[in-house]
Amino acid sequence: MEDIRKLIVGNWKMHGLKSALDEVDRLAELCSRGEPKADILICPPATLLSEMAKPCADAGFLVGGQTCHHKLKGAYTGEISAEMLKDAGATHVILGHSERRLYNGETNEQVKAKAEAAIEVGLIPIICIGETRMERDSGQAVAVVSQFLAGSIPDEIEDFVVSYEPLWAIGTGLVPSPGEIAEIHMAIRQRVGGDIPILYGGSVKPDNAERLLSIANVNGALVGGASLKADDFYGIIKAA
Ligand code: PGA
């Protein structure tokens, strides 16, 4: 179980113009100094995906999307399909990030349908789940996360990734205690079985990455802010 290869994901969110390709070059240069012990996946804005696919492939990095539509094609103005992501070079797609659940009203049912679309075209979904501060304080964190899992993960699915991201830890500099993370990751592990990577996300930085990545059943990290600068992101990759 613990020999799952670590996966470090950079979620650039709505950041990154063409100049961000310089960060990919810089990261490639940093990573070329030694064989990274983790898989590295960058999820840029969709506009950069095609252009980043080649330099990332050359450097041994994977690229992924930040969401996709649940239909494979059709009259859905402004949307992007799983097949389009795949066509642009993506191997993975982040689904159900709390920002999408919050600002776009994404439900478990929709996340599940999107995951089904992703699988259909051969993308690996990274399904995000996590509790609010209030839910944690009232002792419901494990129950909430279990509910998200039950609702968001398709029944017929073999290859996927789960990312535990407490909402109150995202972009705040706050991080749950190692015991709190271990408890949630164990609950997820019991549900998803032994081979599925379980990531932790929420204020992962170079100075806490080693501690977070050494917690039982933490098989990698989903990194927001600290993935935008190659030197910071490399600090996290090194810790893996
Ligand atoms: P953060 O974001 O690293 O900036 O806290 C994490 C996330 O949104 O997944």
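These are my notebook entries on a predicted model.

**Entry 1: the barrel**

I began with the strands. I found a closed barrel of eight strands, in the order E1-E2-E3-E4-E5-E6-E7-E8, and the pairing is parallel. On average, neighbouring strands of this sheet are turned by 25° against each other, direction ignored. I then looked up individual pairs. Strand E1, residues 6-11, runs parallel to strand E2, residues 38-43, and six bridges join them. Within this pair I noted Val 9 opposite Leu 41 in E2. E6 and E7 also run parallel and are joined by three bridges. Here Val 162 stands opposite Ile 198 in E7.

**Entry 2: strand E7**

I asked which way the residues of E7 point. In this strand, residues 198-201, Ile 198 and Tyr 200 point one way, while Leu 199 and Gly 201 point the other way. All four are buried. I set beside this the general rule that side chains in a regular strand alternate between the two faces of the sheet.

**Entry 3: nonpolar cores**

I looked up the largest nonpolar core and found that it has 65 residues. Those with the most contacts inside it are Ile 8, Leu 27, Val 162, Ile 188 and Val 192. Leaving aside residues up to four places away in sequence, Val 192 touches Leu 149, Ile 153, Phe 160, Val 162 and Ile 198. A second, separate core consists of eleven residues, including Leu 7, Ile 94, Ile 124 and Leu 199.

**Entry 4: helix H7 and Val 145**

I turned next to helix H7, residues 141-152. H7 packs on the sheet, where it touches strand E5 (124-129) and strand E6 (161-164). The direction of H7 makes about 150° with that of E5. Val 145 is found in this helix. Is Val 145 buried or exposed? Val 145 counts as buried because its relative accessible area is 2%, and the cut-off is under 20%. Not counting residues up to four places away in sequence, Val 145 touches Ile 129, Gly 130, Glu 131, Tyr 164, Ile 184 and Ile 188.

**Entry 5: the ligand**

Last, I listed the surroundings of the ligand. Among the residues around it are Lys 13, His 97, Glu 165, Gly 171, Ser 203 and Gly 225. A polar side-chain atom of Lys 13 lies 2.6 Å from an oxygen atom of the ligand. For His 97, an N or O atom in the side chain is 2.7 Å from a ligand oxygen atom. At Gly 171, a polar backbone atom is 2.6 Å from an oxygen atom of the ligand.

Terms used: Residues are numbered from 1 along each chain as its sequence is written. This is a predicted model: local features need pLDDT of at least 70, side-chain atom pairs count only at pLDDT 80 or more; totals for chains, interfaces and linings use all residues. Side-chain values use heavy atoms; hydrogens and water are left out. A nonpolar core is a set of buried Ala, Val, Leu, Ile, Met, Phe, Trp, Tyr and Cys residues joined through side-chain atoms within 4.5 Å. Buried means under 20% relative accessible area, exposed over 50%, partly exposed in between (1.4 Å probe, protein chains only). Contact means heavy atoms within 4.5 Å. Two strands pair if DSSP finds at least two bridges between them. Helices (H or I, at least four residues) and strands (E, at least two) are DSSP runs, numbered from the N terminus. Axes are lines fitted to C-alpha atoms, for helices over the stretch in contact, and angles run from 0 to 180 degrees between N-to-C directions. A residue is near a molecule or strand if one of its heavy atoms lies within 4 Å of it. A polar contact is a pair of N or O atoms within 3.5 Å; within protein, one must be able to donate a hydrogen and the other to accept it, and residues adjacent in sequence count only if both atoms are side-chain atoms.
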